[in-house]
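Please look over the structure below before reading the notes.

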Amino acid sequence: MPKTLLSATGKRMSIRELYNCYDGDGNGSIDRYELRRFIMDLELVQGLSDEEAATVIDSYCDRADVNGDGDISFAEFAKLHSELKVGADG
Ligand SMILES: [Ca+2]
Ligand SMILES: [Ca+2]
């Protein structure tokens, strides 16, 4: 379990809590800019140049935004979250 899937207080958060947490403007959905924060907090782009990081973040956004409407719905976020957890175990 990546430590970054824990809240700032070290307590595990539910996906719903995470989703609300990263919905920075509180409009009920996570847009690509808000997802960027999530990706960065997960340290998935650590050590990369800004340019490389932007590319990686873009690819995560594209992957997460299944229906391509520019927002990451809760269902889309939950799917990405589960994929990241699997991927982070190795
Ligand atoms: Ca939002
Ligand atoms: Ca979407």
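The points that follow are grouped by topic.

This is a predicted model, in which local features need pLDDT of at least 70, side-chain atom pairs count only at pLDDT 80 or more, and totals for chains, interfaces and linings use all residues. Residues are numbered from 1 along each chain as its sequence is written, and chains are lettered from A and ligands numbered from 1 in the order in which they are written.

**Helix 2 against helix 3**
- Helix 2 (residues 32–41) and helix 3 (residues 50–64) have axes that come within 10 Å and cross at roughly 115 degrees.
- Axes are lines fitted to C-alpha atoms, for helices over the stretch in contact, with angles from 0 to 180 degrees between N-to-C directions; helices are DSSP runs (H or I, at least four residues), as are strands (E, at least two), numbered from the N terminus.
- Helix 2 contributes Arg32, Leu35, Arg36 and Ile39 to the contact, and helix 3 contributes Ile57, Tyr60, Cys61 and Ala64 (C-beta atoms, placed from the backbone, within 7 Å).

**Buried face of helix 2**
- Leu35, Phe38 and Ile39 of helix 2 are buried (20 or more other C-beta atoms within 10 Å of the residue's own, with C-beta atoms placed from the backbone; exposed is 12 or fewer, partly exposed in between).
- These buried residues line one face of helix 2, because they fall within an arc of 100 degrees seen down its axis (directions from the helix axis to the C-beta atoms).
- Their cover includes helix 1 (15–22), strand 1 (30–31), helix 3 and strand 2 (71–72).

**Glu43**
- Glu43 lies in the loop between helix 2 and helix 3.
- Phi of Glu43 is positive, near 60 degrees.
- Glu43 is exposed, with 12 other C-beta atoms within 10 Å.

Terms used. Two residues are in contact if their C-beta atoms, placed from the backbone, lie within 7 Å.
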